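Please look over the sequence and the model shown here. The report below walks through salt bridges, a helix pair and a nonpolar core.

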Amino acid sequence: MKNLLLLLTLLFVGSYICAAQGNEGRRGQRLHAVKAAFYTKELNLTVEEAQKFWPVYDPYFEELKTAKMSIRNDALKLEEAVLNIRKKYKPEFLRVLGSEQRVNKLFVTDLKFVEMLRAELKERRRKNRDNN
């Protein structure tokens, strides 16, 4: 039953992400699908929670991305901007996720996902180096 629920969640989130992507390439769609699966598993999202989560998470993520692009050279300003964005979205995430603990886990999951991507990229580069 849990596997069926996870599969349905992933299908729903995948279709939502594909619809939201517009003309973004396949790589972006695959990355978003991997991200959706990772977050769904880490946060133990139900189908209903996922339906409410992604419409809140997407603008939050876009604001983070914009801040990171515009404040690259000042680490302290960037940390402050990230903190302010998290504070801004925390009430919405709390409404969707239902507890402070799960909201905090979301912020940790953001970091874990980036670490996972970096490790994967490092491994792929190592493999390419070894093959050449």
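Glu 62 and Lys 65 both sit in helix 3, 3 residues apart, about one turn of the helix. Helices here are DSSP runs (H or I, at least four residues), numbered from the N terminus. This is a predicted model: local features need pLDDT of at least 70, side-chain atom pairs count only at pLDDT 80 or more, and totals for chains, interfaces and linings use all residues. Residues are numbered from 1 along each chain as its sequence is written, and side-chain values use heavy atoms, with hydrogens and water left out.

**Salt bridges**

The side chains of Glu 62 and Lys 65 meet in a salt bridge. That term means a side-chain nitrogen of Lys or Arg within 4 Å of a carboxyl oxygen of Asp or Glu. By this rule the count comes to 8 salt bridges. Three of them are tabulated here.

| Pair | Closest N to O distance |
|---|---|
| Lys 88 and Glu 63 | 2.7 Å |
| Glu 120 and Arg 124 | 2.8 Å |

Lys 88 lies in helix 4 and Glu 63 in helix 3, so this pair ties together parts that are 25 residues apart in sequence. Glu 120 and Arg 124 are 4 residues apart in helix 5, so about one helical turn separates them. Arg 124 counts as exposed because its relative accessibility is 52%. Glu 120, at 39%, counts as partly exposed. The cut-offs are these: buried is under 20% relative accessible area, exposed is over 50%, and partly exposed lies in between (1.4 Å probe, protein chains only). Salt bridges also link Glu 123, Arg 126 and Asp 130 in a network.

**Helix 2 against helix 3**

How do the axes of helix 2 and helix 3 cross, and at roughly what angle? The axes of helix 2 (residues 26-43) and helix 3 (residues 47-70) come within 13 Å and cross at roughly 115 degrees. Axes are lines fitted to C-alpha atoms over the stretch in contact, and angles run from 0 to 180 degrees between N-to-C directions. From helix 2, Lys 35, Ala 36, Tyr 39 and Leu 43 meet Phe 53, Trp 54, Tyr 57 and Phe 61 of helix 3. By class, this contact has 7 nonpolar, no polar and 1 charged residues.

**The nonpolar core**

The largest nonpolar core has 25 residues. Such a core is a set of buried Ala, Val, Leu, Ile, Met, Phe, Trp, Tyr and Cys residues joined through side-chain atoms within 4.5 Å. Tyr 39, Phe 53, Phe 93 and Leu 106 touch the most other members. Helix 3 gives the most to this core, with 8 residues.

Conventions: Helix = DSSP H or I, 4+ residues; strand = E, 2+ residues; numbered from the N terminus. Contact = heavy atoms within 4.5 Å. Nonpolar A, V, L, I, M, F, W, Y, C, P; charged D, E, K, R; others polar.
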